[in-house]
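Please keep the sequence and the structure in view while reading.

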Amino acid sequence: MGKTNRYTITAALPYANGPLHIGHMAGVYVPADIFARYLRRKGEDVAFIGGSDEHGIPITIRAKNEGVTPQDIVDKYHQNIQSTLENFGITFDIYSRTTSAKHREVAQDFFKNLYDNGKFTEEITEQYYDEEANEFLADRYIRGECPKCGNPDAYGDQCEKCGSTLSPEELINPRSALSGNTPIKKETKNWYLPLGQYQDFLKEWILDGHKDDWKPNVYGQVKSWLDDGLKPRAMTRDLNWGIPVPVEGAAGKVMYVWFDAPIGYISFTQEWAAKNGKDWKDYWQNPETKLVHFIGKDNIVFHCIIFPTMMKAHGDYIMPNNVPANEFLNLEGDKISTSRNWAVWAHQYLEDFPGQADTLRYVLTANMPENKDNNFTWRDFQSKNNSELVGILGNFINRVMVLTHKYYDGIIPTKIKEFDEVSQIKEFAKRIGQYIEQYEFRAALAEYMNLARLGNQFLQTQEPWKKGDDPEAVKGIMNAAAQIAVALGQLGEPFLPFASEKMLKMMKVEKADWNTLETADEFVAEGHQFGESELIFGKIEDDAVAIQTNKLQESKIRNNMTNPNAELQKELILFDDFQKMDIRIGTILEAKKVEKADKLFELKVDTGIDIRTIVSGIAEHFTLEEVVGKQATVLVNLAPRKIRGIESHGMLLFADKADGKLTFVNPEEETPNGVQVG
């Protein structure tokens, strides 16, 4: 093995104001984990750093909406996010949080360093202020019309419809998200990072230095910002939730979340290093270390302009080697939206598909939005699982295990001849590794599956089950098939960690160094004993997919409802079915409680066609005195049924009020009994 390289890998800090969805997983966490797992298998020195961003404005907004404290919100969702990532096999070396004492200390030291060295400018500016709420408004608390696309509900820092980065001053008809009022302008002092002073540095570092190795979408967005000219950006805010600004005259101010949050990568590394006997500076201040940020495209400006400027201003830190930002993942052809509940929530997926984290990792990698927005559909998810994971990969592994046990009691037979298919394995390993190093994870996964296809084709072509008269040939074929199967177990770990572990355990094989896989001529020795065969993947049935698509359909319906608390529409009926219903106006003549039934009244109702008994569950909503003499709407041709021994002949119709109580559906004026409704 050659020289060990050192990598610091960061994954965007999720806001701890809600759970993760598949867009987060495909955009950031799955690719980052594939990269980290691969590098570890190469024997590299890796620090894979993650944590929750707990100071964002979305957190305070959610806290206000739910009537709890911001700390309550972050405590809840930090745990949810952390456990979700663990259950998906995301192998952070540390997953911490920005409300920790260590992070506050590191962030304040960083700010103080820039302040003491004159890197900030102090500016008194007019900021939006809500007179009713008595608060300065952070960007996310200002809503208005986007000047780029006309979206009437854009935020003061970003339009979620067109993706444009904005400032509050650019919004048309701004309004406060706290009160809905038009905010006023009020003077306040803040500390600004003069980004324009670093324009030449950023241009030389990125536009001149990374034109050929950074993704076009990242490079293009940075170039656009630099071409427009960088302007000073405030690094402090007038808020009561965040890290206090540690300088004189800054009472009531906290750090801008995009100053505080990326420093989390550094503070979390310090926390990890202290626990593991390492020097954190090796991972952030050694020029030989490669720093890689995994993010979504909406975070490009922060990781390629603001955070590098902060580190350059500080003077002790390395610059990112790469920022392989992904585009967005859509869901069933529509943009994922947490507010519209148009999402597949990662933790709910794990509940609905227990033990199938790898299936989602596989589909998200195959559909990863590396260079353009991509799409996830449940039908494609089912198809990829059943036809590729089960039908190709799982099928090949199972055939090799079953045949090896059938012919040789699970013992790898002697290699009789060389097969080209085996000699190709190391080339597959090299290509997979090269694609991963180039952040082309879809291509890497495709190569891996091509090796599984090669294995299936090899068995189909050689047909060892037809060569019983040539046992030596069968030995050679099965030895070669075993080599491919073991290689699949080894090479699958970055993409399918749980399945890979299961395969290797089943085959009784230890994980090998990736460098060995790229040079080996043999992946399992003759005479090695395989364990018992187990199925690696299970089929996903139509019913399971239908449940998921129905959930989305329900979300779509609710988004169009004028009363979001109303019950969903029931199944459609035909007009002929409706015509069969006989609904009439009737009057309740008598009422009494049903014995040993707190919710039931026994009613005598004049329907105009007869006087009948109807048992109704309305005792919790009305007194006996309130219902006697009331006119009601009655379904009279409902088949009789016995309720608590009383035969009931019909049903009274009621509506739910907002407070959960029932109200009669009756005519405004007294109407003759028996008049039909409808």
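How do the residues of the lining of the largest cavity divide into nonpolar, polar and charged? This is a predicted model, in which local features need pLDDT of at least 70 and side-chain atom pairs count only at pLDDT 80 or more, while totals for chains, interfaces and linings use all residues. Residues are numbered from 1 along each chain as its sequence is written, and side-chain values use heavy atoms, with hydrogens and water left out.

The lining of the largest cavity divides into three nonpolar, two polar and three charged residues, where Ala, Val, Leu, Ile, Met, Phe, Trp, Tyr, Cys and Pro count as nonpolar, Asp, Glu, Lys and Arg as charged, and the others, Gly among them, as polar. A cavity is a set of points, on a 1 Å grid over the protein atoms alone, where a 1.4 Å probe fits but cannot get out, and lining residues have an atom within 4 Å of a point. One cavity of 30 Å³ or more is counted, and the largest cavity holds about 40 Å³ of space, a volume being the space filled by probe spheres set on grid points that are joined across faces, edges and corners. Its lining is made by Lys415, Lys417, Glu418, Phe419, Val422, Gly476, Asn479 and Ala480, and helix H16 (residues 471-491) contributes the most, with three residues.

The protein chain has 21 helices and 25 strands, taken as DSSP runs numbered from the N terminus (helices H or I, at least four residues; strands E, at least two).

A pocket, by contrast, is an open set of points with protein on both sides within 12 Å along at least five of seven lines. The second largest pocket has a volume of about 990 Å³; among the 34 residues that line this pocket, Leu166, Ser167, Glu170, Pro232 and Arg233 are the closest to its centre. Helix H6 provides the largest share of that lining, four residues, and the lining as a whole divides into 14 nonpolar, ten polar and ten charged residues.

Phenylalanine 575, in helix H20 (residues 575-579), is exposed, with a relative accessible area of 57%.

Notes:
Buried means under 20% relative accessible area, exposed over 50%, partly exposed in between (1.4 Å probe, protein chains only).
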